[in-house]
Every structure is written in C-alpha cells, then in structure tokens.
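This briefing concerns a ligand site and its setting within the chain. Please view the sequence and structure below before reading on.

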Amino acid sequence: SEPVSCTGGRADMSLDGLRRTFREHVFYTQGRFPSVATRNDLYMAFAYTVRDQLLHRWIKTVEQMAGKDLKIVSYLSAEFLLGPHLENNLINLGIYDDVLGIAKEEGFDIQVIFDQEEEPGLGNGGLGRLAACYLDSLASLEVPAIGYGIRYEFGIFDQEIRDGWQVERTDQWLRLGNPWELARPEITCRVSFGGRTEPYQDDRGRYRVRWIPHRTVKGVAYDTPILGYRVNTCNLLRLWKAEAIESFEFEAFNVGDYYGAVDEKIYSENITKVLYPNDEPVQGKQLRLEQQYFFVSCSLQDMLRIYKLGGGKLDRFSRHFAIQLNDTHPALGVAELMRLLVDEEGMDWEPAWDVTCKTFGYTNHTLLPEALEKWPVELFAGLFPRHMEIIYEINRRFLDEVRRRWPGDEARVARMSLIDESGGRFVRMAHLACVGSHAINGVAELHSRLLKEDVLRDFHEMTPEKFSNKTNGVTPRRFLVLANPGLTRLIEGKIGDTWIRRPEELRKLEPCADDPAFREEWRRVKLENKKNLARVIRERTGIEVDPASMFDIQVKRLHEYKRQHLNVLHIIALYDRIKRNPSYDLCPRTFIFGGKAAPGYFMAKLIIKLINSVGDTVNRDPDVNGRLKVVFFPDLNVKNAKFIYPAADLSEQISTAGKEASGTGNMKFSMNGALTIGTLDGANVEIREEVGAENFFLFGLTAEEVYSLKRDGYRPMEYFQANPELQRVVERIASGYFSNGDRELFKPLVDALMFHDTFMLFADFGSYADVQGRVDEAYRDREHWTRMSILNSARMGKFSSDRAIREYCEDIWKVKPVPILLE
Ligand code: GPV
C-alpha cells in the first residue's frame with residue numbers, strides 16, 4: 001500500500017513549524033486566545049505539539065513494521081511508573097532548546113509549563129519504574145515492543161506530612177485531561193469472571209470444555225506513544241480501562257432496572273479504579289486478582305488479534321511474540337494463553353503448551369518469602385473456574401515429570417507443586433510462572449544466585465538451562481540528561497554526547513578525575529544542584545538546609561528491610577555525641593529522606609514519624625549549631641526525584657544483605673556522582689565492582705552471614721548489651737526524648753528491635769557507624785572526594801537500561817532492532 005503521507009503541516013519540526021503548530025493548538029485544541037490561555041492551556045498546547053511529532057513517528061513505525069516477518073516484545077506489567085512525558089520527549093526528539101526558545105519568545109517560563117504536568121504514577125516504586133526505563137531503552141534500541149498494563153484512574157497516592165505522620169491523598173492525574181494518550185474505543189476485549197465450566201463434544205467428537213461465566217466486562221485500549229532517544233522508533237504502551245459491556249445496560253433497562261444497570265457499570269469500572277499501594281508483599285484482595293486477570297486477558301487477546309491480522313498460524317505464535325512477565329502479577333497469563341489456544345482456538349493441549357512455554361519469560365524481583373504471591377484456591381476457583389482446571393492439568397503433567405525424575409521424593413513434589421497444601425490451599429504464582437516459561441531471571445548477580453540456591457532451588461535443579469541473570473539498569477536519558485543538565489553539559493564539553501546511547505563511553509572521563517580544574521567544575525555543578533534542592537526543600541517543608549553541608553540521602557519506599565531506621569539510629573548517635581561533647585568535630589551533614597509507606601504498613605509509617613520527630617528535635621537544638629539537619633522530603637515521585645539524585649553527595653543503600661533484589665536508586669545516585677554507603681546486597685555488589693572498592697563505603701554482614709546468624713539463633717540483645725552507644729541511642733527513643741516525653745509512641749519500634757530485630761539492625765549498627773566515620777573523614781578531603789565522585793559517574797555505564805535490554809533481547813527474547821526511516 002501507499003506510504004502514509006504525514007510530512008509538512010504538523011509534522012514540520014522546524015522552529016517555524018513548531019511555533020505554528022503550538023499556536024494552532026492553543027486556538028483549535030484548547031479553544032483559547034493567547035491572552036486568556038491558562039497555564040494548563042499552554043502546557044496542553046505544548047504537549048499536543050510534541051505529540052504530533054510522536055504520532056508522525058508512530059505511524060511510520062507501524063507502517064514499516066507491517067507485513068515484515070518480525071518479532072515483537074510484549075512487556076506485561078501491572079505497573080508503569082513513567083514520570084512526566086513532556087521534557088523527556090523533547091530530549092528524545094532533540095528539540096529541547098528549540099522549545100525553550102519558543103517559550104521565551106511567546107513570553108513565558110518553560111519550567112512553569114513543565115511543572116504543570118501531572119505525572120502518571122501508575123506504579124509503587126522500583127518495579128514500576130524499571131518497566132518505564134525498559135520501555136525507553138526498547139524504543140531507543142529500535143526494538144519493536146508493546147508495554148501492556150492497567151490504566152488506573154487513581155495512581156499511587158500523593159503523600160502529605162502532617163504533624164510528622166504520612167497522610168494519603170488520592171492521586172487525580174486525569175483531572176485536567178491527559179494529552180499523551182489516545183483512547184481507542186474501537187479496540188476492546190471482553191473479560192469474564194466466575195460462573196462454572198461444562199464439558200461438551202465438538203464437531204469432530206473431541207472432548208472440550210466451555211466456560212459459562214457469571215459476569216463479563218469490557219476492556220478499552222488507551223495508547224501512549226513511547227519514543228526512543230534520537231531515533232524514529234515510536235513504540236506503544238497500551239493500558240486497559242474496564243467498562244461495563246453495553247448488553248448489561250440494555251438488558252437491565254428492558255426489565256426497567258435502571259439502578260441495576262448503573263450498579264453494573266460502577267461494578268465493572270471498579271476494576272481499574274485504583275492502583276494497590278502495597279509493593280512487596282502484595283495484598284491478597286479479590287479486586288487485585290481481578291485486576292491482574294483483566295489486563296492479562298485483554299493483552300493476550302490483543303496479541304492474538306494482531307497476530308491473526310498478519311495471517312500467522314497459531315503454532316508459530318512464539319516466533320512473533322516474546323512475552324515477559326514483570327514478576328508474578330501477570331503470571332495468570334500462562335493459564336489464560338492455554339485457555340485461549342485450547343478452548344477458544346481449538347488447539348490440542350500439547351502444541352498449545354509448547355507455544356505457551358516458548359512465548360513466556362519470567363522475571364523475579366524479590367527474595368522476601370512473604371512477597372511471593374499466592375492466592376487461596378477457593379478465591380481463585382470462584383473467579384476463574386476454567387483456569388483452575390487448567391492449572392490442575394498443568395500441575396498434574398508437571399508433577400508426573402518430577403516423579404519420573406525423582407521417584408519416591410514426595411517431599412519434593414509437595415515443594416514444587418503449583419498448589420501449596422501446607423496449611424490451607426493456595427495457588428503459587430511463582431511456580432506457575434516458572435513452569436510456563438522458557439526463561440527465568442533475577443535482577444542482579446547476587447539475587448539470581450540466591451534464587452537458584454534458595455527460593456527457586458528445586459526449579460533450578462530440574463531445569464538449570466532456564467535460569468539466567470539480567471542485572472537491572474536505569475535510563476541515562478531521564479536520570480542524567482534530563483535530571484542533571486549541568487553535569488551533562490560538563491561531560492559533553494569533555495567527551496561529546498555519544499555516551500548518551502553508549503554509556504560505557506563515560507569511561508573516557510576517568511582521566512579528568514586527575515584534572516584539578518575539571519574537579520573544580522564538577523564541584524560547582526554539584527553545588528548548583530544542591531542549592532536547587534535546598535530551594536525545593538525550603539518551599540515544601542520550610543526547613544533551611546546548607547548547600548555547603550554533605551547531602552546524605554536515602555529515598556525509596558519505606559520498608560523495614562530497607563532499614564531507614566538504621567540510618568536514624570546513626571543520626572541519633574551523632575546527636576548523642578554532640579550532646580555529650582558540644583565541641584564534637586563533625587563535618588556538617590544534611591540527612592534527607594523520602595519515600596512513601598504502604599497505607600496499611602504501621603511500622604513503615606511509624607518510621608516516617610520517627611524521622612520527622614528526630615528532625616524536629618535536632619534541627620532546633622542550638623547545641624547542634626548547624627552540624628546536623630534532618631529532612632523528610634514529602635511525596636517522592638518521579639517528578640520530585642529529579643531534584644534529588646543530582647544533589648546527593650552520599651547515597652544510602654543499607655538494606656539487610658540478601659533482601660533487596662537489586663535496587664535501582666543506587667544506580668541513579670552513583671551515575672550522578674554520589675558515593676555509596678552500602679551493604680553487599682542486590683546490585684550494590686556489582687556497583688562496587690565497577691566503581692572500585694576504594695570508591696565505595698562498604699559495611700555490614702554478608703548475605704551468607706545473615707543466613708547463618710539467623711540459623712544459629714540471632715539475639716539482638718547481645719549486640720545491644722555490647723554497644724554502649726547503641727544503648728544510649730535506643731534509650732533516647734524509648735525515653736520519649738523525641739516525642740515530648742511520650743514513651744508509648746515509638747515503643748512498637750523499639751520492642752521490635754530489642755526482641756526480634758528481623759532485619760538485624762543491631763548486628764550491623766557498629767560497622768555502619770564506623771564506616772560513617774570514614775565517610776566523615778573522606779568528605780574533609782574535598783579533592784579526593786571529587787575524584788571518587790567523578791570515577792563513580794565514569795564507571796556506571798554498565799547500569800544503563802540499554803545494556804540490560806540488549807541482554808534480554810539476545811538471551812531471552814531473540815529479537816532484533818528494526819530501524820525506522822522518516823521519509
Ligand atoms: I516483587 N520490587 C518492587 O518495587 N515491587 C515489588 O512488588 C517487587 C519488587 C523491586 C525490588 O524490591 C528492587 O530490589 C528491584 O530493584 C526492583 O523491584 C526492580 O527489579
């Protein structure tokens with residue numbers, strides 16, 4: 001067919017073209033005269049101007065892919081934590097400076113326009129942000145890909161801090177409209193729930209099963225274009241919204257049941273109303289399971305539809321689609337694809353199973369046993385009677401195989417079964433994902449090793465060839481170029497800009513670490529970034545912080561295993577030293593925390609309160625005299641994070657070894673020249689390898705030591721009794737020193753540490769405090785510190801998500817780039 005013509009007009013990317021398109025959008029899209037256009041009108045007009053460019057490339061992408069014998073990556077994720085689009089798209093298009101110029105000419109501040117964008121917070125933290133980085137890299141590497149997920153009407157809640165406590169407010173990201181998405185009311189799927197199954201014979205006399213569901217909803221596609229960096233590939237993020245199917249309304253209307261019809265509508269739309277704000281461990285709620293099935297079923301139906309458009313035969317499906325399961329949230333896909341192929345398409349079991357296993361890959365993101373998803377069989381079978389049967393059949397065949405390999409080993413059979421029967425009956429989603437995938441991976445070397453040795457040991461013994469490691473990465477576009485323009489310019493001045501696509505080339509900066517003038521410049525940029533963060537902190541919290549002090553930052557979801565409270569214990573120790581010796585020599589430090597707590601996670605919320613209470617006391621104590629400041633930065637999200645990573649001197653990555661699968665914040669900090677204080681956990685291990693042990697502050701037990709200590713009976717009290725400073729620290733909290741004499745407030749926290757200390761803070765406290773002492777000394781030698789900082793940035797190339805995606809493409813997905821031409 002004729003190539004679609006969309007040159008000229010709004011596709012014109014010259015300065016004049018952009019300016020004209022922008023003015024047109026103010027007028028024809030927003031319906032405003034320039035003189036009465038609101039801030040939002042201007043933002044919308046800019047966004048549509050940019051979107052026109054994306055759509056131009058999107059059409060070219062679809063056009064040039066059609067009819068080719070290619071393979072598409074399909075990334076299934078319950079979360080995509082994208083962050084604001086506008087700035088990112090300007091960078092990827094290469095028109096950032098042009099648009100800055102236009103804004104200036106038209107007489108307004110582009111920062112104010114950027115600030116107007118509400119970010120799509122469709123994720124909780126690391127897992128959702130990783131999915132967003134991977135979409136950026138897939139497009140930047142020109143790999144055909146679709147991200148599939150849920151269009152939550154309310155994303156992750158907005159966090160406010162009141163009286164030191166977290167207060168949640170609903171996120172209203174769609175309130176003023178979303179210029180980045182295209183509703184596709186004609187692309188819909190039906191998704192069913194409940195009911196029963198019934199056997200029948202098909203026209204060839206074969207035994208078949210039909211599912212007679214209790215209710216059915218409609219999924220509607222909403223598409224967001226995802227443009228790669230300085231390429232024409234524009235991929236698709238397709239998010240599903242749940243609606244009522246029309247027939248329900250008609251039926252109800254016919255019997256005069258107006259309210260019934262409206263009820264049904266509300267009931268259906270509920271499915272995609274809100275993101276569950278718990279990350280690991282997830283909550284075992286029925287609606288959550290419905291969400292998972294809803295988006296997985298829509299996505300698989302969509303892939304089959306697209307595949308059939310190309311006229312392909314179903315038994316070759318896996319040659320054209322590689323589906324990646326982002327943790328077990330979409331693992332139901334294994335059973336759903338079997339149902340679609342066998343029940344709907346009439347395939348036999350064996351070929352359908354072959355297609356399924358060849359299509360799916362599974363990424364595990366956690367070692368916390370309580371975070372491994374399992375659903376009560378009763379709940380599961382009630383919602384998905386047919387999938388339950390399919391899972392039993394998968395399990396029967398699988399366990400037969402286990403019994404053939406290990407005759408008489410019934411303990412192994414029980415351990416590996418898809419059904420957990422050790423007290424109640426549960427469907428184990430990780431087992432379903434393992435059995436139904438040809439590839440299983442962890443997200444850092446250590447994590448992948450521990451998966452093989454521990455969590456998925458039996459599966460590794462049975463099919464070692466399925467296992468591999470894919471260390472996480474982050475996109476240098478958003479987390480360096482966009483977040484840190486000062487540093488980007490400085491680096492570009494030395495080594496050009498090719499590192500933005502090939503971050504291994506950042507190594508060329510290494511010699512600059514020895515150049516005093518460059519170090520001076522490096523410090524100047526860091527100071528500017530710290531002033532910038534100091535301004536934002538003042539605006540949001542009223543707290544004054546000194547940009548000359550060391551910025552020591554821990555931002556991430558609040559979790560006991562991430563040990564924000566270990567950081568607090570150390571702050572209190574420093575405070576205690578000052579109180580005991582007012583002339584105590586401490587390099588001035590500003591401790592900055594940020595992150596959300598799951599609304600039902602009491603201990604995490606109490607830790608936020610503790611941080612704020614300690615801050616209140618320390619920040620106003622005249623004895624401290626500027627040496628210590630403690631800040632809790634409210635509402636950490638992608639938009640706010642851009643002020644934070646570039647301003648850090650020290651990055652806190654202090655999880656209990658063996659608990660953090662990878663971490664990705666650790667990478668964002670180090671790329672921006674922060675030094676890390678951290679345990680040998682997750683990707684910290686590899687970061688330390690890359691930057692060099694001499695440029696990393698290591699402390700704490702190893703994962704092996706944590707395990708053996710636990711096995712031999714860990715007694716926190718022993719560490720407590722051996723460390724007088726730790727005693728004084730805990731005593732200050734317990735005595736009500738930070739809570740106006742209230743000894744009850746932090747008692748749950750103190751008791752948990754004294755009597756259980758599940759995450760071994762006491763065992764690591766001594767080593768942590770010692771190494772913090774070395775950090776203090778190191779910061780005094782500013783030249784040497786700067787050297788280490790430069791080397792951190794220069795050696796972080798490995799942690800670009802481009803590298804990670806290349807590995808997935810080569811080892812798991814077997815997909816190749818498809819360059820897209822504009823003309
Ligand atoms: I499972 N992760 C997350 O954010 N939410 C989850 O539900 C689960 C895992 C995180 C891990 O905690 C991080 O260590 C990891 O870096 C990230 O996933 C991306 O792999």
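A polar contact is a pair of N or O atoms within 3.5 Å; within protein, one must be able to donate a hydrogen and the other to accept it, and residues adjacent in sequence count only if both atoms are side-chain atoms. This is a predicted model, in which local features need pLDDT of at least 70 and side-chain atom pairs count only at pLDDT 80 or more, while totals for chains, interfaces and linings use all residues. Residues are numbered from 1 along each chain as its sequence is written, and side-chain values use heavy atoms, with hydrogens and water left out.

- A polar side-chain atom of Asn472 is placed 2.8 Å from a ligand oxygen atom.
- For Glu660, a side-chain N or O atom lies 2.6 Å from an oxygen atom of the ligand.
- Tyr561 has a polar side-chain atom 3.3 Å from an oxygen atom of the ligand.

**Surrounding shell**

**Domains**
- The domain assignment, automatic or from a database, gives domain 1 (69-83 + 119-158 + 168-372 + 385-394) and domain 2 (548-781).
- Their contact (heavy atoms within 4.5 Å) takes 21 residues from domain 1 and 17 residues from domain 2.
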